[in-house]
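Trainee: I'm new to this structure and would like a close look at one part of it. Could you walk me through it?

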Amino acid sequence: MTFVKSNMLRLINPNHIKRANEKRLLLMAITLTILNVLSLMDHELQAQVSERDSLYNLTQQDYDDMKQKLGLKAAMRPGPSGDPSAANAANTDESKVRSYSLPDPLIAKDGKKVTSQGGWEEERRPQIVQDLETEMYGALPANLPAVTWHVVSEKDTVIANFPVTERLLVGKVDNASHPEIDVQIELLVGVPTAVTAEVPLVMEFGFIRWPFGNPSAEPASYFMSPYEPRWKQQLLAKGWGYAVLVPSSIQPDHGAGLRTGIIGLANKGKFRRPEQWGVLRAWAWGASQAMDYFESDPNVDASRIGIEGTSRYGKAALVTMAFDNRFSLGFIGSSGAGGASILRRNFGEQVENLTSSAEYHWFCGNFLKYGSDLAVDDLPVDAHSLLALCAPRPVFISVGSPFIEGQWVDARGMFLGGVQASPVYELLGKKGLGTSEFPEMGTALTDGEVAFRQHAGGHSTGPNWSTWIAWASRYWNTGL
């Protein structure tokens with residue numbers, strides 16, 4: 001009886017009751033917090049879904065407008081799937097690649113062979129430029145607005161024991177003609193702190209965190225072997241500088257954004273006409289604006305500027321190199337279809353993928369014809385034509401392993417793009433790839449101004465940076 005009484009007294013002890021109430025209140029608070037977090041997550045998810053649906057609807061509206069303007073009679077042909085297990089999987093079997101013929105970059109429109117540097121520069125090159133602008137990438141609009149560069153912030157930092165001064169710049173595009181659209185180009189520039197002379201610099205299409213770089217948000221070239229220094233460190237070790245240009249600050253990467261960005265600003269918010277430029281050309285225009293800045297920077301040698309990018313940014317890097325001859329060297333990573341890969345090869349990504357509503361915005365409207373009424377064989381140009389425009393300046397084609405990166409980007413197709421552009425380099429007194437035999441993985445074809453290497457990594461230029469720098473050193477003739 002005493003035991004029972006004692007326990008009853010403990011149960012009604014005021015201190016025990018207080019602690020029990022505190023626990024209940026704490027549990028209630030935790031429950032309410034969880035419910036609030038879940039509610040916020042639900043609202044955020046709904047907002048993301050709403051934004052995605054809005055982008056899809058606006059993209060489809062723009063896509064349909066362009067098809068209507070083109071007056072296409074046939075439906076858009078669907079492209080193959082990148083999923084190897086899909087019923088319509090893209091071809092990855094070399095034995096199933098069809099026969100095709102390419103337009104000769106050295107045969108002029110009148111059928112005559114170009115045999116001199118003058119003939120190339122004065123006749124054939126302008127013809128290829130016109131075809132690429134009219135049928136694929138679009139031409140730059142006349143009277144594009146001016147860009148004024150401002151230094152937003154500057155800091156001295158250290159990357160792998162190399163002192164470096166980083167500047168974050170914004171290129172404000174004059175929008176007086178259409179104030180509703182504001183374009184501010186983001187550019188990060190890093191040069192060795194103790195610089196005593198102008199330094200070469202490599203600019204990458206990529207991402208930066210405001211106000212300075214965030215390694216977790218860097219582009220594919222950062223994803224390197226843990227035993228290899230990162231690209232900035234390798235450049236700084238040579239006494240070179242680096243830059244990161246943010247493509248999305250120039251032009252959004254979707255069809256819904258074609259009435260915004262620099263394309264929308266130049267077009268005063270209207271839908272594009274079929275001949276007007278696409279996103280790849282807009283990103284390349286942004287790179288040219290960065291080059292204008294480099295020409296004014298006393299720490300940068302504007303005659304030694306390289307351009308690098310991977311995947312869609314590899315396409316943009318190649319377009320930049322082709323249309324702006326101020327860029328000294330190109331480092332074109334896994335650019336695939338629409339970049340360095342031969343479009344006429346039925347291997348991996350195809351023209352029909354590029355002309356779908358997911359990718360059409362990279363190109364001018366006229367390009368849609370080749371996924372509908374016309375076929376890829378009707379194109380007056382191909383990837384080798386774009387590479388030929390880089391001549392005689394050196395260009396390095398990079399790609400990853402098919403076992404890691406996959407076959408979508410068509411490594412052999414990019415190699416063949418270099419092979420077919422080589423005669424133009426040779427006409428101009430330079431050396432092309434020097435072989436038409438696809439090399440073993442890891443083999444560096446770097447003896448000439450057209451270079452190629454397939455590394456053993458994934459969708460990245462990362463494992464090729466050291467090879468590229470050794471190759472580039474031959475042209476820039478600088479280093480420690």
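Trainee: Leaving aside its neighbours within four places in sequence, which residues is Ser328 in contact with?

Mentor: Keep in mind from the start that this is a predicted model. With neighbours within four places in sequence set aside, Ser328 is in contact with Ser303, Arg304, Ile305, Met321, Arg393, Pro394 and Trp476. To find Ser328, look in the loop between H7 and E7. Ser328 has 16% relative accessibility, and buried means under 20%, so Ser328 counts as buried.

Let's take Trp476 from that list of contacts. The side chains of Ser328 and Trp476 are joined by a polar contact of 3.0 Å. Trp476 belongs to helix H11, residues 465-476, and is buried, as is Trp240.

That brings us to the rings. The count of aromatic pairs comes to 25. One of them is Trp240 with Trp476, an edge-to-face pair with 4.8 Å from centre to centre and 75 degrees between the planes. This pair links distant parts of the chain, since Trp240 sits in the loop between helix H4 (231-237) and strand E5 (241-245), 236 residues away from Trp476. Another pair is Phe415 with Phe438: their centres are 5.5 Å apart and their planes are at 75 degrees, so this one is edge-to-face. It links distant parts of the chain as well, with Phe415 in helix H10 (residues 411-427) and Phe438 in the loop between H10 and strand E9 (450-454), 23 residues apart. Phe415 counts as buried because its relative accessibility is 0%, while Phe438, at 21%, counts as partly exposed.

Back at Trp476, there is a whole group of rings to look at. Trp476 and Trp240 belong to one aromatic cluster, together with Trp231, Tyr242, Phe331, Phe396, Trp465, Trp468, Trp471 and Tyr475.

Now go to Met321, another contact of Ser328. Met321 is one of the buried residues of H7, and others among them include Tyr313, Lys315, Leu318 and Val319. What do they pack against? The buried residues of H7 pack against helices H3 (117-137), H6 (279-294) and H9 (383-388), and against strands E4 (199-205), E6 (300-310) and E7 (329-333). As for length, helix H7 (residues 312-323) should span 16 Å at 1.5 Å a residue, and its end C-alpha atoms are 17 Å apart, which agrees. Also find Phe323: the charged end of Arg281 sits over its ring, 3.8 Å from the centre.

The largest nonpolar core has 99 residues, and Leu187, Met203 and Phe294 touch the most other members. H6 gives the most to this core, with eleven residues. Apart from neighbours within four places in sequence, the contacts of Leu187 include Trp149, Met203, Val244, Ala290 and Phe294. A second, separate core of 22 residues includes Trp468, which you met in the aromatic cluster.

Finally, step back to the whole chain. Its secondary structure comes to eleven helices and nine strands, and 51% of the 480 residues count as buried. Among contacts between residues at least 6 apart in sequence, 70% join residues at least 24 apart.

Notes: Residues numbered from 1 in each chain as written. Predicted model: local features only at pLDDT ≥ 70, side-chain atom pairs only at ≥ 80, totals over all residues. Heavy atoms only, no water. Phe/Tyr/Trp six-rings, centres within 6.5 Å; stacked < 30°, edge-to-face > 60°. Helix = DSSP H or I, 4+ residues; strand = E, 2+ residues; numbered from the N terminus. Buried < 20%, exposed > 50% of the residue type's maximum accessible area, 1.4 Å probe, protein only. Lys NZ or Arg CZ within 6 Å of the ring centre and 35° of its normal. Expected span 1.5 Å × (residues − 1). Contact = heavy atoms within 4.5 Å. Core = buried A, V, L, I, M, F, W, Y, C linked by side-chain atoms within 4.5 Å. Polar contact = N/O pair within 3.5 Å; in protein donor to acceptor, adjacent residues only side chain to side chain.
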